[in-house]
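Take a look at the model below. This report walks through a few of its parts, one at a time.

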Amino acid sequence: MCEAALKAANLTNKFSVTQDDVAKVFFRHDTCHSHGSKLPVCRDRGTITEEGWLWIKTAFGEERAVPKLSTKLADELRRWLAGGNSPMLLVVAPSGAGKSFAALQLGTRRYVDLLDAAPNKVSVFRRWKQAIMEEHLASSLLAPSDGASITELHKHARKGMYHTWILLHVLAAMRGQCRTPSDWLFMQRYRTVEVVAGYNAALKWLGRDDAPHYDELKKVRVPRTVLVVDEASHAQANGDRFPCRVLPRARFEPRAGAGAGAGAGAGAGAGAENPSAEETSQPGLLGALLEGVLAHRNTMIVMGTSLSFSQPMLDPTFMYDDRHSHRPPVWFVPVRFFPLLSVNECVQHVTFYAKLLGRNLDEKKLRGVCEQLQGMSP
Amino acid sequence: MTATVVAFVFAGRPSFLHDFIVSFVRPDNAARSVSDIWDHGEIPEGDIASPSSCGAKQLMFNRLGARCLTWIRSKHVDATKVVFFELLHMLGVRYLFRAPDELTIPNAALDRSFDFTKIGVAYSQPFIIARYRKFVIREKLALELAAYLAKKLDPEFETRAWQLMLGMNVDASRARVSEERTTLTTLLPLSLCSRLFTDRCHACR
């Protein structure tokens with residue numbers, strides 16, 4: 001299955017981002033907004049994008065100057081991951097607070113699987129959602145091996161987990177072909193069509209007779225990963241609520257320390273195994289994704305502009321494992337970790353661009369603008 | 001104390017600066033002054049025909065305003081409009097007077113119309129166990145945005161109060177006045193600050 005995915009994604013050989021790749025995506029000569037390829041420009045909108053600075057060294061080595069970009073939130077994400085205190089981190093802040101950019105910064109330092117739930121664009125998330133919501137999966141793949149009967153909700157839960165595991169395996173295979181975290185990030189961001197094609201090939205493979213049964217798949221450990229779901233509120237948009245049952249508390253296991261490595265996969269899908277388990281609420285697609293991720297003790301960062309998407313997961317019956325109640329499985333990024341730029345930082349930033357474009361600015365006037373920019377009317 | 005004041009007064013989220021840079025590097029803005037690039041013209045209604053017809057700030061407010069209205073309309077905010085405005089106003093007052101605590105709202109209310117993070121105005125600090133969430137405005141520009149959204153949603157609602165609040169926000173951004181404000185808020189409890197503010201509102205009606 002993974003071989004088929006790699007072939008479809010043109011990833012049969014190891015992938016590294018080249019200078020040419022970066023130049024084509026960000027530093028094009030054919031748009032006046034790039035000012036002769038001095039500035040990174042967004043391919044779709046034709047406007048400047050700070051994301052391009054993340055690959056500037058790949059394209060031009062050390063010779064190009066780079067504006068100072070705050071890494072405050074990205075650093076916090078890294079600290080949280082290193083701490084291993086909880087399997088899920090919620091990052092909730094208003095639009096423009098730097099959430100997505102921090103995830104990208106994180107992705108340049110360590111391997112991160114990105115799922116963008118924003119609607120109306122080609123994405124792996126959209127394809128995963130379509131597979132769960134609209135496509136048939138043979139009942140024989142999901143039915144319990146011991147022949148026990150299960151409810152429709154249990155079937156949904158197992159289908160959600162099944163597709164999540166398939167997705168994670170496919171992403172892991174593709175990730176494995178990328179030499180560095182930045183290469184994998186570039187692949188996901190700018191070769192989305194190839195990544196989706198790879199995932200499509202894997203989904204097609206599920207129609208074969210030798211597609212893995214749920215119980216088989218459950219035993220195959222998904223390689224360690226950090227899954228970032230951006231624009232998560234769209235995963236819970238109206239009408240998209242996925243009617244699967246919430247798995248009981250016991251699935252939350254410590255990620256580090258005693259027992260973390262032992263019996264890998266033993267608890268995977270424990271709730272889905274037990275038809276008599278209480279059906280507590282309906283967490284929707286995001287919950288289904290989380291179930292699949294947590295079943296193999298992986299980690300998920302969920303980002304959005306509203307906490308409403310995570311409301312079902314904030315239900316204590318969903319959240320807490322009594323045996324580890326001192327460790328909440330959901331963690332939030334406190335407000336103080338989101339970057340706020342001072343006037344000085346603003347002045348430095350604008351001056352950087354002015355120098356790059358050869359524009360002279362009166363520092364006093366610029367400072368005045370930066371004060372206005374932070375909210376003062378003239 | 002002074003350093004804290006400056007950090008509090010002058011702070012903006014990354015997208016504020018990004019939006020300015022997008023306009024700043026546009027070739028057709030090369031001859032404009034930086035203040036003009038940031039702020040000129042009216043906030044456009046609906047789709048923008050030409051980005052150069054207004055400043056980066058106006059473009060940003062247009063974008064955030066459209067997003068806010070879309071969300072609010074999907075939440076049938078009409079039923080809770082007055083409460084919505086009161087809470088938004090209270091958020092602004094708390095920012096203006098550096099209230100020690102954030103505005104706390106039950107999670108249950110968020111599915112309706114009180115998600116001030118969703119509309120781009122405030123940051124939120126969840127309080128899971130108590131099922132509450134705390135909101136806080138962190139940027140002066142967000143206060144202006146809140147005033148704009150309030151006016152856009154209902155031009156009649158508390159316009160003078162918002163104008164006064166924005167006026168005080170302008171003053172507070174100048175170092176000398178902000179020091180006065182710090183002294184004021186250090187010495188007076190929030191309730192008294194709000195009272196003073198309300199009195200001034202009534203006085204200017």
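How many of the eleven residues of helix 5 of chain A are buried? Eight are, so helix 5 is largely enclosed by the rest of the structure. Keep in mind that this is a predicted model.

**Helix 5 and its partner**

Helix 5 of chain A covers residues 99-109. Its buried residues are A:Lys99, A:Phe101, A:Ala102, A:Ala103, A:Leu104, A:Gln105, A:Leu106 and A:Gly107. The list includes A:Lys99.

Helix 5 of chain A packs with helix 9 of chain A, residues 181-190. The angle between the two is about 135°. Their axes lie 6 Å apart. Angles over 145 degrees would count as roughly antiparallel, and 65 to 115 as roughly perpendicular. Helix 5 of chain A and helix 9 of chain A are therefore oblique to each other.

Which residues make the contact? Helix 5 of chain A brings A:Leu104, A:Gly107, A:Thr108 and A:Arg109. Helix 9 of chain A brings A:Pro181, A:Ser182 and A:Leu185. By type, the residues of this contact divide into three nonpolar, three polar and one charged. Two names from the helix 5 side, A:Leu104 and A:Gly107, are also on the buried list.

**Helix 4, a helix with two sides**

Helix 4 of chain A spans residues 72-83 and has twelve residues. From its first C-alpha to its last it reaches 17 Å. That is close to the 16 Å expected at 1.5 Å a residue.

An α-helix has 3.6 residues a turn, so residues three or four places apart point the same way.

**Single residues to look up**

Start with A:Val170, which sits in helix 8 (residues 152-176) of chain A. Is A:Val170 buried or exposed? With 28 other C-beta atoms within 10 Å, A:Val170 is buried, because 20 or more are needed for that label. Setting aside neighbours within four places in sequence, A:Val170 is in contact with A:Cys2, A:Ala5, A:Gly198, A:Tyr199 and A:Ala202. A:Val170 and A:Leu6 are 164 residues apart along the chain, yet their C-alpha atoms are separated by 8.3 Å.

Now turn to A:Asp362. This residue lies in the loop between helix 15 (343-357) and helix 16 (363-373) of chain A. A:Asp362 is exposed, with 11 other C-beta atoms within 10 Å. The C-alpha atoms of A:Asp362 and A:Thr351, eleven residues apart along the chain, are separated by 9.9 Å.

Two loop residues have a positive phi although neither is a glycine. For A:Asn10 the phi is about 55°. For A:Glu231 it is also about 55°. A:Asn10 is in the loop between helix 1 (2-8) and helix 2 (19-25) of chain A. A:Glu231 is in the loop between strand 3 (226-230) and helix 12 (270-273) of chain A. A:Asn10 is partly exposed, with 14 other C-beta atoms within 10 Å. A:Glu231 is partly exposed too, with 19 other C-beta atoms within 10 Å.

**The two chains**

| Chain | Helices and strands | Buried share |
|---|---|---|
| Chain B | nine helices, three strands | 40% of 205 residues |

Read along the sequence, chain B follows the pattern α-α-α-α-α-β-β-β-α-α-α-α.

How far apart in sequence are the residues in contact? Take contacts with a separation of 6 or more. In chain A, residues 24 or more positions apart account for 79% of these contacts. In chain B, 60% join residues at least 24 apart.

Conventions: Residues numbered from 1 in each chain as written. Chains lettered and ligands numbered in written order. Predicted model: local features only at pLDDT ≥ 70, side-chain atom pairs only at ≥ 80, totals over all residues. Axes fitted to C-alpha atoms, helices over the stretch in contact; angles between N-to-C directions. Helix = DSSP H or I, 4+ residues; strand = E, 2+ residues; numbered from the N terminus. Parallel < 35°, antiparallel > 145°, perpendicular 65-115°, else oblique. Contact = placed C-beta atoms within 7 Å. Nonpolar A, V, L, I, M, F, W, Y, C, P; charged D, E, K, R; others polar. Expected span 1.5 Å × (residues − 1). Buried ≥ 20, exposed ≤ 12 C-beta atoms within 10 Å, placed from the backbone.
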